[in-house]
Amino acid sequence: MNRATASHVLDRVLVLEMVRVTEAAAIAASSWVGRGDNDAADAAAVEAMRVALNELPMDGTVVIGEGERDEAPMLYIGERVGSAPDSGPKIDIALDPLEGTTLTAHAGPNALAVLAIAENGCLLNAPDVYMQKLAIGPGYPEGTIDLRKSPADNVRSIAKAKGVEPNEIIACVLERDRHDCIIAELRALGCGIKLIPDGDVAGVIATADPDTGIDVYMGSGGAPEGVLAAAALRCVGGQIQGQLLFRNDDEVARARRWGIDDLDRVYTVNEMAKGDCIFAATGVTDGSLLRGVHKRGNKTTTESVVMRASTGTVRRVSTEYRDLEHRGL
């Protein structure tokens, strides 16, 4: 399918409709902020997102979701959503109704409801395993980053492209024991490091927002989240590379079930999210990317971002709802 046709397919599912879907999930999850219940927050977001998706005139298929069918009752991989099965535009959907369940439960920053859509076959069907990731924002020449090189070499390359010294580069890294070697190598260069407790989709996207001061994201996290982040960077001209990591034979078998034969492959942004795609996210808790859901009396406000690859547009959407309880939301 050519680019023009793909754009027409996504035109039929309006960009702002994607925001309404992530808003629904974020508002539902926000009721559980700070209540210490990860599962309840996630379940509320999943149910709300599924209801919103099923109101859209499309024939959608979840390719990145809550897990395989026997692991997830709703929004499982392969589930079809939308109000026009067989007759509506065929669209692949990658989603994380609540990216940052622990962040939400503990009222931490940067919890998001996240969604990406593309024409059929354009999103990497990544299994639920770890992925090593390396990402930068727009404006850098192709080849600036290389996942096969060391963190220090990549920082030097980014610094050279940016016209600064390596110790002026700021890296975002998930705070995990497995990243101790990366952190030590970066600190030996004198780099600044922003450690985040969770939410690596927000961490990757932060590289595309100059206001965050983050130049590069490094480290391993979920492969599904890598595809969602790739869709966002694809929309704004950023770069990301990812390589699947397997801890046991079961994870290798899972990857093969999803059609992945080259287990050592390093995927580029265009291989994880190609063609036209739309990315949308709504803040659940306040963060560096978006403000969270705020409720004051009968008013509920949300802040979202929606991006589109074919047009390169980035829209920030602030929404005010009144009397949500009377609407059943």
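# Exercises on a predicted model

The chain has a mean pLDDT of 91, with 94% of its residues at 70 or more; pLDDT is the predictor's confidence in each residue, from 0 to 100. This is a predicted model, where local features need pLDDT of at least 70, side-chain atom pairs count only at pLDDT 80 or more, and totals for chains, interfaces and linings use all residues. Residues are numbered from 1 along each chain as its sequence is written, and side-chain values use heavy atoms, leaving out hydrogens and water.

## Exercise 1: confidence

Find which elements of the chain have the lowest and the highest mean pLDDT.

*Solution.* Helices (H or I, at least four residues) and strands (E, at least two) are DSSP runs, numbered from the N terminus.

Step three: look at the start of the chain. Residues 1-6 have pLDDT below 50, and this stretch has 9 contacts in the model beyond near neighbours in sequence. Contact here means heavy atoms within 4.5 Å. A word of caution: where pLDDT is low, the predicted coordinates should not be read in detail.

## Exercise 2: strand S3 and its partners

Work out which strands pair with S3, and in which sense.

*Solution.* Start with the rule: two strands pair if DSSP finds at least two bridges between them.

Next, take strand S1 (residues 59-64). S1 and S3 run parallel and are joined by 5 bridges. As an example to click on, Ile64 has Ala94 of S3 as its bridge partner.

Then move to strand S4 (residues 112-119). S4 pairs with S3 in the antiparallel sense, over 7 bridges. Here Asp96 has Val114 of S4 as its bridge partner.

Last, check burial. Buried means under 20% relative accessible area, exposed over 50%, and partly exposed in between (1.4 Å probe, protein chains only). In S3 (residues 90-99), 9 of the 10 residues are buried, so the strand is largely enclosed by the rest of the structure.

## Exercise 3: strand S8

Say how many residues of S8 are buried, and which strands pair with S8.

*Solution.* Burial first: 7 of the 7 residues of S8 are buried, so to speak mostly covered.

Now the partners. Strand S5 (residues 130-136) pairs with S8 in the antiparallel sense over 7 bridges, and Gln132 has Ser220 of S8 as its bridge partner. Strand S6 (residues 170-174) pairs with S8 in the parallel sense over 3 bridges, with Ala171 bridged to Val216.

Finally, follow a helix residue to this region. Ile182 sits in helix H6 (residues 180-188) and counts as buried because its relative accessibility is 13%. Setting aside residues up to four places away in sequence, Ile182 touches Gln132, Pro151, Met218 and Gly219. Pro151 is 31 residues from Ile182 along the chain, yet their C-alpha atoms are separated by 6.5 Å.

## Exercise 4: the largest pocket

Describe the lining of the largest pocket: which residues are closest to its centre, and which elements contribute?

*Solution.* Begin with the search. On a 1 Å grid over the protein atoms alone, a pocket is an open set of points where a 1.4 Å probe fits, with protein on both sides within 12 Å along at least five of seven lines; lining residues have an atom within 4 Å of a point. A volume is the space filled by probe spheres set on the points, which are joined across faces, edges and corners.

The largest pocket has a volume of about 880 Å³. Of its 38 lining residues, Asp96, Leu98, Thr101, Asp128 and Glu225 are closest to the centre.

By element, helix H3 (38-53), S3, helix H4 (101-105), strand S8 (216-222) and helix H8 (223-236) each supply at least two lining residues. H3 gives the largest share, 5 residues.

By class, count 15 nonpolar, 9 polar and 14 charged residues. Ala, Val, Leu, Ile, Met, Phe, Trp, Tyr, Cys and Pro count as nonpolar, Asp, Glu, Lys and Arg as charged, and the others, Gly among them, as polar.
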